[in-house]
Amino acid sequence: LIVNPVPVPVVPTPLEVCDDNIPDGITLIDLTIKNAEISGGNPDYQVTYYETQIDADNEVNPIGPMYTNMTN
């Protein structure tokens, strides 16, 4: 029997990005730049992203690492 400690949830710092060359408040965002912060650098942790808490709780509809925001 191997008992691993429960991971401690991490609230990452805000992800701030600049608009692309079109000033519309919408841009392509590389979410993977937060992976190390969220995982604490642990390579055994897998980081996935969801648009809603409900999707995350049910582990459905994950979004890809390159995400285009829908609202400013």
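Analyst: Glutamate 59 is exposed, with a relative accessible area of 63%. The model is a predicted one, and this residue lies in the loop between H2 and strand S2, the strand that covers residues 66–68. Glutamate 59 also has a backbone feature to note: its phi is positive, at about 50°, although the residue is not a glycine.

Asparagine 61 is found in the loop between H2 and S2 as well. Its phi is near 55°, again a positive value in a residue other than glycine. With a relative accessible area of 53%, asparagine 61 counts as exposed, because the threshold for that class is over 50%.

Aspartate 55 belongs to helix H2, which spans residues 53–58. Which side chain of opposite charge is nearest to aspartate 55? That side chain is lysine 34, and it is 21 Å away. Aspartate 55 is thus a buried residue that has no salt bridge, because a salt bridge requires a side-chain nitrogen of Lys or Arg within 4 Å of a carboxyl oxygen of Asp or Glu.

Lysine 34 has a partner elsewhere. It forms a salt bridge with glutamate 37, and the closest N and O atoms of the pair are 2.7 Å apart. The structure holds 1 salt bridge. The two partners fall into separate accessibility classes: lysine 34 is buried, with a relative accessible area of 11%, whereas glutamate 37 counts as partly exposed at 29%.

Glutamate 16 is placed in the segment before S1 and counts as exposed, at 72% relative accessibility. Glutamate 16 and glutamate 59 are separated by 43 residues in sequence and by 25 Å in space, C-alpha to C-alpha.

The segment before S1 also contains valine 17, S1 itself being residues 28–30. At 42% relative accessibility, valine 17 counts as partly exposed. Together with Leu15 and Ile33, Val17 makes a nonpolar surface patch of about 250 Å².

These details belong to a chain with 2 helices and 2 strands, which follow the pattern β-α-α-β when read along the sequence. The C-alpha atoms fill a box of roughly 55 × 25 × 15 Å along the principal axes. The radius of gyration is 15 Å, whereas a compact globule of 72 residues would have a value near 11 Å. Of the 72 residues, 14% count as buried, and both aspartate 55 and lysine 34 carry that label. The accessible surface of the chain comes to about 6,100 Å², and 58% of this belongs to carbon and sulfur atoms. Among contacts with a separation of 6 or more, 46% are between residues 24 or more positions apart.

Key. Residues numbered from 1 in each chain as written. Predicted model: local features only at pLDDT ≥ 70, side-chain atom pairs only at ≥ 80, totals over all residues. Heavy atoms only, no water. Patch = residues over 30% accessible without salt bridge, like charges linked within 9 Å, V, L, I, M, F, W, Y side chains within 5 Å. Areas by Shrake-Rupley, 256 points an atom, 1.4 Å probe, with all protein chains shown as cover. Helix = DSSP H or I, 4+ residues; strand = E, 2+ residues; numbered from the N terminus. Buried < 20%, exposed > 50% of the residue type's maximum accessible area, 1.4 Å probe, protein only. Lys, Arg positive; Asp, Glu negative; His and termini not counted. Rg over C-alpha atoms; globule rule 2.2 N^0.38 Å. Contact = heavy atoms within 4.5 Å.
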